[in-house]
Amino acid sequence: MSTIFSKIVNKEIPANIVFESENVLAFKDIRPQAPVHILIIPKIEIPKVTDIKGNEHAKLLGEMFDCANKLANDLGIARNGFRLVFNCGNDGGQEVYHLHMHLLGGRHMQWPPG
Ligand code: 5GP
């Protein structure tokens with residue numbers, strides 16, 4: 001089922017887009033949890049981590065990580081470090097069922113997460 005993120009991919013609703021390629025889109029989270037908080041998503045609809053198939057999606061996932069590294073460099077958080085998060089399912093705290101990687105940085109992260 002389509003989510004609000006597909007509407008962002010299709011430019012039906014606005015988002016603060018910071019990166020776009022053929023297969024990947026990245027935009028600022030509407031409720032940022034850190035000075036840098038960007039969501040990196042595949043344009044195709046993969047609901048969650050458990051729907052990932054290594055043989056089918058490996059290149060796409062690689063592109064998402066390339067995007068995260070490029071943005072971390074461009075935004076000046078690569079040197080001090082950052083956090084990448086995939087929330088999966090109810091216990092994982094997933095709110096939007098369109099696969100997304102959170103890129104969080106610009107402050108020191110705590111562990112364990114909440
Ligand atoms: P999840 O909890 O599913 O891992 O993360 C979903 C994220 O999407 C949340 O951090 C939430 O703030 C963000 N979000 C939800 N709706 C929108 C939206 O319409 N636009 C943007 N830019 N972010 C959204």
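**Lys11.** Lys11 sits in the loop between H1 and strand E1 (17-20); helices (H or I, at least four residues) and strands (E, at least two) are DSSP runs, numbered from the N terminus. I noted a positive phi of about 60° for Lys11, although it is not a glycine. Most residues other than glycine have a negative phi, and most peptide bonds are trans.

**Ground rules.** This is a predicted model, in which local features need pLDDT of at least 70 and side-chain atom pairs count only at pLDDT 80 or more, while totals for chains, interfaces and linings use all residues. Residues are numbered from 1 along each chain as its sequence is written, and side-chain values use heavy atoms, with hydrogens and water left out.

**Pro112.** I checked the peptide bond that joins Trp111 and Pro112: it is cis, with omega about 5°. Pro112 lies in the segment after E5.

**The ligand.** Which residues are closest to the ligand? I found 16 residues around it, the closest being Asp29, Asn87, Glu95, His100 and His102; a residue is near if one of its heavy atoms lies within 4 Å. The shell divides into seven nonpolar, five polar and four charged residues (Ala, Val, Leu, Ile, Met, Phe, Trp, Tyr, Cys and Pro count as nonpolar, Asp, Glu, Lys and Arg as charged, and the others, Gly among them, as polar). H1 gives the most to this shell, with three residues; helix H1 (4-9) and strand E2 (24-28) each supply at least two.

Next I looked at N and O atoms. An N or O atom in the Asp29 side chain is 2.5 Å from a ligand oxygen, and one in the His102 side chain is 2.8 Å from a ligand oxygen. A ligand nitrogen lies 3.3 Å from a backbone N or O atom of Ile30. Taken alone the ligand exposes 520 Å², and the protein buries 89% of that (Shrake-Rupley method, 1.4 Å probe).

**His100.** I traced His100 to the loop between helix H3 (89-92) and strand E5 (101-105). His100 counts as buried because its relative accessibility is 6%. A polar atom of its side chain lies 2.6 Å from the backbone oxygen of His98.

**Gly105.** Is Gly105 buried or exposed? At 0% relative accessibility, Gly105 counts as buried, and I place it in strand E5. Gly105 and Asp66 are 39 residues apart in sequence and 16 Å apart in space, C-alpha to C-alpha.

How values were computed. A polar contact is a pair of N or O atoms within 3.5 Å; within protein, one must be able to donate a hydrogen and the other to accept it, and residues adjacent in sequence count only if both atoms are side-chain atoms. Buried means under 20% relative accessible area, exposed over 50%, partly exposed in between (1.4 Å probe, protein chains only).
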